[in-house]
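Hello,

Here is the structure I promised to pass on to you. Have a look at it first, and then read on for a short tour of what turned up.

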Amino acid sequence: MTNTSPNLHKQSDFEFAALAESRNYRAGILRDFQKHLLGNVLEVGAGVGQFTSEFLTLDSIQHLTSVEPDPAFCTVLRQKFPQLNLIQGTVTDLPQGTDWNAIFSSNVLEHIDADQEELTSYANLLRPACGHLCLFVPARPEIYAPIDSDFGHFRRYTRPGLRKKLEKAGFRIVQLRYYNFVGYFAWWASFCLLRKRTFDPRAVRIFDRLIFPVVHSFETRICAPPFGQSLLAIAAAV
């Protein structure tokens, strides 16, 4: 991971706090990626370990390595998961010789200025084992809001734009779809129209418990949405 934005700790205050309330949301993301999370798995940008804790319970993952550049987050991770193979740094700090079956990256790529270079690094790491990238990023530039800047986001992605970047990096697209149609409008109303700069934990909890399960079921079982708050990508290194 290179050229990260200077506002990384604000991610801990905002995004991690929201994710802590988003149990169903987090579980939905994991279900969508789970069949590709096997063997040697690399978690890029572990943060404070909200996904890490889930990975450590998956029998399909034989070896988990987490990479995190922030020293404060690494301290938290070591306290929570003393058994975790944790590397403080970026993917460029990984030791040579490991064949990676999967790389997981959720809400990380948007924090990296040189995202094309980062994706190419992922493809190079995955290619020896013909592994898969499990990628989750914020979507739709038109809903880029002040809070995105507070998070340290360089951008929000479009489906065609992300497809182009992935293919240029050396990936074959397995799945690429928008995610959370209703969340798009909630984000626009709260953070573009009303220009809020923080999450309301109660609102996040209500959305996660009552609304998201219905939305996610529809999007995965009936029809993928034409746009959404995020993009989910599964891509094979070729």
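This is a predicted model: local features need pLDDT of at least 70, side-chain atom pairs count only at pLDDT 80 or more; totals for chains, interfaces and linings use all residues.

Aspartate 32 belongs to helix H2 (residues 23-33) and arginine 177 to strand S6, so their pairing ties together parts that are 145 residues apart in sequence.

Seven strands make up an open sheet with mixed pairing, and their order is S3-S2-S1-S4-S5-S7-S6. At the edges are strand S3 (85-88) and strand S6 (171-179), each of which pairs on one side only. From one strand to the next, the twist averages 15 degrees. Helix H7 (residues 159-169) packs on this sheet, where it touches S5, S6 and strand S7 (230-237). The direction of H7 makes about 160 degrees with that of S6.

Elsewhere in the sheet, strand S4 (residues 102-106) and strand S5 (residues 132-138) run parallel and are joined by five bridges. If you want a spot to look at there, phenylalanine 104 stands opposite cysteine 134 in S5.

What is isoleucine 173 in contact with, leaving aside its neighbours within four places in sequence? The contacts are Arg163, Leu166, Glu167, Ile234 and Ala235. As for arginine 127, which is 46 residues away along the chain, its C-alpha atom is separated from that of isoleucine 173 by 14 Å.

Now for the other salt bridges. A search of the whole structure finds nine of them. One joins the side chains of glutamate 21 and arginine 205, at 3.0 Å from N to O. This pair links distant parts of the chain, with glutamate 21 in helix H1 (residues 8-21) and arginine 205 in helix H9, 184 residues apart. Arginine 205 counts as partly exposed, at 33% relative accessibility.

Another salt bridge pairs aspartate 208 with arginine 209, and here the closest N and O atoms are 2.4 Å apart. Aspartate 208 is buried, with a relative accessible area of 1%, whereas arginine 209 is partly exposed at 26%. There is also a network of salt bridges that links Asp115, Arg155 and Lys165.

Which residues make the nonpolar surface patch of about 310 Å²? They are Val182, Ile206, Leu210 and Ile211. Helix H9 (residues 201-221) gives the most to this patch, with three residues. Valine 182 lies in helix H8 (residues 181-193), and its relative accessible area of 32% makes it partly exposed.

Definitions and conventions: Residues are numbered from 1 along each chain as its sequence is written. Side-chain values use heavy atoms; hydrogens and water are left out. Two strands pair if DSSP finds at least two bridges between them. Helices (H or I, at least four residues) and strands (E, at least two) are DSSP runs, numbered from the N terminus. Axes are lines fitted to C-alpha atoms, for helices over the stretch in contact, and angles run from 0 to 180 degrees between N-to-C directions. Contact means heavy atoms within 4.5 Å. Patches are made of residues with over 30% relative accessible area and no salt bridge: like charges are joined within 9 Å, nonpolar side chains (Val, Leu, Ile, Met, Phe, Trp, Tyr) within 5 Å. Accessible areas come from the Shrake-Rupley method with a 1.4 Å probe; for residues, only the protein chains shown count as cover. A salt bridge is a side-chain nitrogen of Lys or Arg within 4 Å of a carboxyl oxygen of Asp or Glu. Buried means under 20% relative accessible area, exposed over 50%, partly exposed in between (1.4 Å probe, protein chains only).
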